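Let's take a friendly look at some charged side chains and then at an open space in a protein model. Keep the structure open beside you as you read.

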Amino acid sequence: MPTPHIEAIEEDIAKIVIMPGDPKRCEYIAKKFLKGTRIINKLRGATAYTGYFKNTRITVFPSGMGIPSMGIYSHELFDIYNVDTIIRIGTTGSYDESLKVYDLFLVDSAYSNTNYDEEVLGKSINIINSSLELNTIIDKTAKELGLNLRRGRAFTTDAFYSNPKTTMDLALENNCSVVEMESFALFLNAKKYHKRATSILTVTDEIYSGNQMTAKEREIRLNSMINLVLESIIKI
């Protein structure tokens with residue numbers, strides 16, 4: 001410690017970590033929602049913050065994009081920094097016509113046809129569950145906040161610019177309602193290190209219709225998801 005990717009010492013990082021993909025989203029959360037924040041990592045542009053939400057100490061750390069980046073950061077946070085819980089927050093595309101732009105989606109399992117599982121665990125695991133304990137708390141909190149939270153399986157793809165038909169066929173064959181790029185790696189690392197992890201996503205793209213959030217909306221319309229995660233964390 002520090003690692004090639006994180007310059008913090010163990011005491012800098014809280015036991016509970018929120019992981020957006022984008023460092024700018026980390027900055028937004030730290031400044032708008034947390035108190036007493038300080039920057040605990042700048043290495044490789046992955047600016048991370050530790051602060052407090054209602055007296056609960058939380059670190060907000062960017063995962064970057066894709067399985068490899070999430071795999072590196074979640075591995076080091078779980079294994080080297082002794083983090084207990086990581087909750088990914090991010091955006092997603094919806095294959096399900098009942099899932100519209102702005103809807104919230106709790107990932108209770110992730111499917112992927114990546115080789116990450118075989119390289120990390122030495123065996124093939126195409127579907128992996130998130131933490132039932134975390135999901136139960138988040139579900140209850142969503143009801144208390146009056147939020148309509150859907151839950152189901154996400155397809156974690158390796159390629160953002162993929163063949164749409166191939167990706168959709170794989171997703172539907174494996175009962176995936178949405179597509180994203182990080183949850184599978186996070187859940188697999190949590191399984192490996194006996195830690196807790198889940199993902200909450202906001203639908204930004206309706207793949208079936210082509211409807212999508214604007215770039216500006218992606219900056220300002222994610223507050224419901226962020227608040228849900230924070231209000232859930234104080235109950236853990």
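Lys 54 counts as exposed, at 51% relative accessibility (exposed means over 50% relative accessible area, buried under 20%, and partly exposed in between, with a 1.4 Å probe and protein chains only). Its partner is Glu 231, and the closest N and O atoms of this salt bridge are 2.8 Å apart. A salt bridge here is a side-chain nitrogen of Lys or Arg within 4 Å of a carboxyl oxygen of Asp or Glu. Glu 231 is buried, with a relative accessible area of 15%.

A quick word on the ground rules: this is a predicted model, so local features need pLDDT of at least 70 and side-chain atom pairs count only at pLDDT 80 or more, while totals for chains, interfaces and linings use all residues. Residues are numbered from 1 along each chain as its sequence is written, and side-chain values use heavy atoms, with hydrogens and water left out.

Back to that pair: Lys 54 sits in the loop between strands S3 and S4, and Glu 231 is in helix H8, 177 residues apart. Helices (H or I, at least four residues) and strands (E, at least two) are DSSP runs, numbered from the N terminus.

The whole structure has 13 salt bridges. Here are three of them:

| Salt bridge | N to O distance |
|---|---|
| Lys 54 and Glu 231 | 2.8 Å |
| Asp 169 and Lys 165 | 2.8 Å |
| Glu 27 and Lys 24 | 3.5 Å |

Asp 169 and Lys 165 are four residues apart in helix H5, so about one helical turn separates them. Asp 169 is partly exposed at 32%, and Lys 165 is exposed at 57%. Over in helix H1, Glu 27 and Lys 24 are three residues apart, again about one turn. Lys 24, Glu 27 and Lys 31 are linked in a network of salt bridges.

Now for the open space. How much space lies in the largest pocket? About 1100 Å³. A pocket is an open set of points on a 1 Å grid over the protein atoms alone, where a 1.4 Å probe fits, with protein on both sides within 12 Å along at least five of seven lines; lining residues have an atom within 4 Å of a point. The volume is the space filled by probe spheres set on the points, which are joined across faces, edges and corners.

The lining has 37 residues, and the closest to the pocket's centre are Thr 91, Phe 160, Thr 204, Asp 205 and Arg 218. Strand S5 gives the most to this lining, with five residues.
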